[in-house]
Amino acid sequence: MPADPVPVLQKLFGFPDFRGVQRQVVDRVLAGQSTLAVMPTGAGKSLTYQLPATMLDGTCIVVSPLIALMHDQLRAAEAVGIRAATLTSVDENKAETRGRFLDGALDLLYVAPERASTADFRDLLDRGRVALFAIDEAHCVSEWGHDFRPDYRLLRPLLDRYEDVPRLALTATADEHTRADILEQLGIGTDGMIVAGFDRPNIRYSISTRDNTTRQIADLIRETPGPGIVYAQTRAGTEKLAEALRTATGRPVRAYHAGLDPEVRRRNQAKFVESEDMVIVATVAFGMGIDKPDVRFVAHAGLPKSIEAYYQETGRAGRDGDPSVAHLFWGAEDFARARQRIAEVDPQRQPGERARLNALGALVETAGCRRRILLAHFGEDPPAQCGNCDNCLSPPAAIDATETARKYLSA
Ligand code: ADP
Ligand code: MG
């Protein structure tokens, strides 16, 4: 019988209890059962492999798509006393790390998928002891997912080589189709899936057609005290909109995008994290890895990339549980542009992209509950009315947007 993980949770991580489905996932992992855990961002996915890694005999190999992400995780793990290392192109102590693995002195070893699939890495694993494979951001393995990484496809032979080692796939963003694909691609049984609740009841969802972006978002800012994020489509757009909103509202408003001077970017982000009333106008790159619990609103000046992206971006509001607002402003031209973009991608990927756009269309054009559509997308079956979205609060008589959207979605 596996040992009790609760004392480890309390002693090592300092948390009194597991959250949500964490316990279920940890129990499966400790029992050696391969699992796909679908849990929203911030739900605490890392702990579901970090904790077992400290209890199991051998090392947990963590596959993660981004070096920056790995190094953040490494710091966090080491901070609580977990024996961890990364093996990436920028690490200079690779020989030492290999040695630690072979000595059984590592709980966690983070690698990128392209390294994990090399013969070198396989030989290393053959000579040591592997307790668990954790595959983070597992939706990257699926062409249906919104962030397909061909390197993830190369993992399977490695996983199959160690048949007795359980696999734990983790993702925050997988619709039904993508989930089925992850299970199949990574060889996890269909009974091995655990899905956490996706509802964020304190977020009020509103979606409107755009007539005057600056005026509409300025109104939202005036109505909503507290820090906020406005997502714009382009780098130039963020700067222009930031300027216009600053003038219109008198609130501190700053731009954030990858093209800014790194020093300015860092300063704007640091100011935002501390601020109680600042608005940041950003491209979608903003928000990953920042942990600001009191964001009161997230506005979209245009259509997001997918429902998953929308959920993730709006999910940065109200992490503290207090009432928060997510307001999306869209125009028919957003769909036209998206359709154009789809026409240019690899033909094999077009059906998936089209399905994603159609799902967004259904969300923006519905006269029914927004939350219901969002949650249904993540496989949940919530009540018909949430009572905390624009359509539930003031049911639309008849939306003329419906026809517009349909026109751009058809064919
Ligand atoms: P995810 O990968 O699901 O987005 P993380 O693993 O980064 O989430 O965890 C998000 C935050 O939640 C971290 O700050 C983590 O320390 C915290 N956390 C995880 N599990 C618990 C728990 N059981 N109780 C309290 N906080 C937790
Ligand atoms: Mg994570």
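Two residues are in contact if their C-beta atoms, placed from the backbone, lie within 7 Å. Helices (H or I, at least four residues) and strands (E, at least two) are DSSP runs, numbered from the N terminus. Axes are lines fitted to C-alpha atoms, for helices over the stretch in contact, and angles run from 0 to 180 degrees between N-to-C directions.

This is a predicted model, in which local features need pLDDT of at least 70, side-chain atom pairs count only at pLDDT 80 or more, and totals for chains, interfaces and linings use all residues. Residues are numbered from 1 along each chain as its sequence is written, while chains are lettered from A and ligands numbered from 1 in the order in which they are written.

**Exercise 1.** Describe the sheet and the helix that lies across β2, β3 and β4.

Solution. Two strands pair if DSSP finds at least two bridges between them. Step one: seven strands form an open sheet with parallel pairing, in the order β3-β4-β2-β5-β6-β1-β7. Step two: β3 (84-87) and β7 (193-195) are the edge strands, each pairing on one side only. Step three: neighbouring strands are turned by 20° against each other on average, direction ignored. Step four: β2 (residues 59-63) runs parallel to β5 (residues 130-135), and five bridges join them; Val 62 has Ala 134 as its bridge partner in β5. Step five: the helix is α5 (residues 94-102), which runs at about 130° to β3.

**Exercise 2.** Determine how α15 and α16 cross.

Solution. Two packed helices are described by the angle between their axes and the distance between the axes. Step one: the axes of α15 (residues 350-365) and α16 (residues 370-377) come within 8 Å and cross at roughly 155°. Step two: α15 is therefore roughly antiparallel to α16 (angles over 145 degrees count as roughly antiparallel). Step three: Ala 359, Ala 362 and Leu 363 of α15 meet Arg 370, Ile 373, Leu 374 and His 377 of α16.

Definitions and conventions. Angles under 35 degrees count as roughly parallel, over 145 as roughly antiparallel, 65 to 115 as roughly perpendicular and the rest as oblique.
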